[in-house]
Amino acid sequence: MRSHRPLVLAGLLTALLPRRASAGPATASPPVVSPPSTSAHAADALDATAALPPEAAVARGTAFYEAGQYAKCALAFAALLDNPEQSSGLSTHSKEQASVYRAACLIAQGDISGADGVFRTAIRENPQMAVPNAILFPPAVIERFIVVRTTLLEEIRHEEEERAFREREAAYQARRRADA
C-alpha cells in the first residue's frame, strides 16, 4: 500500500501558500516577492495560523521560513506556540521544531534576545532537546541554541544543588528538634 502523505503535504502547502495571479498560458514571470510585513500582514498571518490545525500551522510557518519571510514566520509560530489550545495538539517533536523555527526567524530578524527566550522555554520543557539540524538551520541558530542550553543547564544544575542543600538542611534541623 502506497502512502499518500507526499500528496497530502503538497496539497496542504499549495493551499497555504499565496497564489500567483494567472496570466493566461504559462509565461515566464518574475518571482513573486512579498512586501515587508506590515501590521495588516501580521494580523493576516496570525488569523490564518489560528484557523489551521496545529500540524498545518507548523507547515505554514516552515514555508514562511523557507521563503525567507521571517517576520511572518515568527508571527505564525508565535500564534501557534503561545496559544495553549493550538500547541497542545502538537507532538513533542513538532513543538520543539516549531520553537527552533521561531527562534531561527527571530535570529534572522536580529532579535537574539527573543530567540534566546524561545530556546529557554523549549529547553526548560525538555532539557534533553536535540541540537537543531545543521542541514536545515544556519550555524548562527545552532550556536545560539548551544549557548542557551549550556547556560540554562548550568542554571538548572545550580538550582538543583541549592534545592538539595535546603532539603538536607531541613532534614538536619528536623532531626535536631526530634533529638532535643
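The model is predicted: local features need pLDDT of at least 70, side-chain atom pairs count only at pLDDT 80 or more, and totals for chains, interfaces and linings use all residues. Residues are numbered from 1 along each chain as its sequence is written, and side-chain values use heavy atoms, without hydrogens or water.

Helices are DSSP runs of H or I, at least four residues, numbered from the N terminus. H6 has 17 residues. Its first and last C-alpha lie 24 Å apart, close to the expected 24 Å (1.5 Å times one less than the number of residues). Twelve of the 17 residues of H6 are buried, so the helix is largely enclosed by the rest of the structure. Buried means under 20% relative accessible area, with a 1.4 Å probe and protein chains only. Among the buried residues are Val100, Tyr101, Arg102 and Leu106. The buried residues of H6 pack against H3, H4, H7 and H8.

The structure holds one disulfide (cysteine sulfur atoms within 2.5 Å). Cys73 and Cys105 form it, with sulfur atoms 2.0 Å apart. The pair links H4 to H6, 32 residues apart. The S-S torsion is about 75°, so the disulfide is right-handed. Cys73 is buried, at 0% relative accessible area. Cys105 is buried, at 0%.

Note on methods. Helix = DSSP H or I, 4+ residues; strand = E, 2+ residues; numbered from the N terminus. Buried < 20%, exposed > 50% of the residue type's maximum accessible area, 1.4 Å probe, protein only. Contact = heavy atoms within 4.5 Å.
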